Amino acid sequence: MQTQTLGQFIIEKQKDFPYSKGELSRLLRDIGIAAKIVHREVNKAGLVEILGETGDINVQGEAVKKLDVFANNQFIAALKAGGECCAIASEENEDIIPIDTVSSKGARYVVAFDPLDGSSNIDVNVSVGTIFSIYRRLSLSGPGTLEDFLQPGTELVAAGYVIYGSSTMLMYTTGKGVNGFTLDPSIGEFCLSHPNIKTPSDGAIYSLNEGNHLHFPEGVKKYIKYCQEEDKATNRPYSSRYIGSGVADFHRNLLKGGIFIYPTTTKSPKGKLRLLYECNPLAFIIEQAGGKATDGRKRILDIPITELHQRTPLFIGSPEMVEKVMEFMVKYPV
Ligand code: AHM
Ligand code: MG
């Protein structure tokens, strides 16, 4: 079978947009380059002095890992060098990073990302990921502004994630389906391996941190009970699978069918995951794959965004499973 690389695929897809000047394609290429560098470091992490914490606490109040910093720096450097992006927002930076280089003059996009999602797992060799969102800027010229990022998910131009797992994969959408590319380390290229991904309409996997059970909303508690009941007709009980690495949990459920839930808890009354660079990009992808993403009541992509690091509860996955849990959330509204 003829292999199609990410670069070839992007160029071919550009023909779907006759007025495109190739800027978005180049932006995706830049993200692919940073992903390869992060892949290289993640894969030898046990051999070099890059595991463990830096001793700093990030804007989210979480311990910063050395690999978080490395991945963050790689993505920022690749996006700055590429010249297609006028501002960056990252989970690791409190404020946006405006870009004002000669090559970025006229850049039309802003990129928000979580450089290393699930990084608490990195020291124990569990899959981690990078999640990214791309928006068209609202400001007219100069470096990008905070307002450029405060756009609902419905305005996303492209989104994707990279999973550094048993193999490294890059999945992305520009609103015309989802395609997945596996890194072939022998040639150093992402190659199309999962064209036009569709998630199963129903599934038999539920993923959430059950340790927080006491603090879940009643609707979630009742839904979990439903997942655990015996019922041949609906293939229950479902399997519980939770890695604690959001990209990995999402990726498995996308391909196999399932639901990932991070609800509000008493500890995180607004939810834990961030709208701009975690929930919106995953929501865009799941919708493009035929799935659903809500905060338990409303569509994630419609949620107005007022803060860079805004959090939201997340219910995402196979459409029938998301609809089912939403029935429970309506029935038990507390
Ligand atoms: P991070 O971006 O700081 O890594 O946090 C996000 C992660 C997700 O990858 C994962 O789904 C979730 O947090 C796990 O949280 P918890 O340990 O509370 O279950
Ligand atoms: Mg994260």
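Predicted model: local features only at pLDDT ≥ 70, side-chain atom pairs only at ≥ 80, totals over all residues.
How many Å separate the centres of domain 1 and domain 2? I took the C-alpha atoms of each domain and got 24 Å.

**Where the domains lie.** I have domain 1 down as 6-194 and domain 2 as 205-331. For the contact between them, I count 48 residues from domain 1 and 32 residues from domain 2.

**Buried area.** Next I looked up what the two domains bury between them, and it comes to about 2,800 Å². Carbon and sulfur atoms make up 66% of that area. On the domain 1 side, I find that Ile131, Leu150 and Tyr161 lose the most area to domain 2. Together those three residues account for 19% of what the domain 1 side buries.

I went through the charged pairs and got 1 salt bridge between domain 1 and domain 2. I also looked at arginine 274 and glutamate 91, which form a salt bridge with their closest N and O atoms 3.5 Å apart. That passes, because the cut-off for a salt bridge is 4 Å. For polar contacts across the interface, I have 13 residue pairs, with both residues at pLDDT 80 or more.

**Which elements of domain 1 touch domain 2?** I list strands S3 (85-90), S5 (109-117), S6 (128-136), S7 (156-164) and S8 (168-173) as giving two or more residues each. S7 gives the most, with 8 residues.

**Make-up of that side.** I sorted the domain 1 residues that touch domain 2 and got 24 nonpolar, 17 polar and 7 charged.

Notes
Residues numbered from 1 in each chain as written. Chains lettered and ligands numbered in written order. Heavy atoms only, no water. Domains from an automatic or database assignment. Contact = heavy atoms within 4.5 Å. Buried area = accessible area lost by both parts, 1.4 Å probe. Salt bridge = Lys/Arg side-chain N within 4 Å of Asp/Glu carboxyl O. Polar contact = N/O pair within 3.5 Å; in protein donor to acceptor, adjacent residues only side chain to side chain. Helix = DSSP H or I, 4+ residues; strand = E, 2+ residues; numbered from the N terminus. Nonpolar A, V, L, I, M, F, W, Y, C, P; charged D, E, K, R; others polar.
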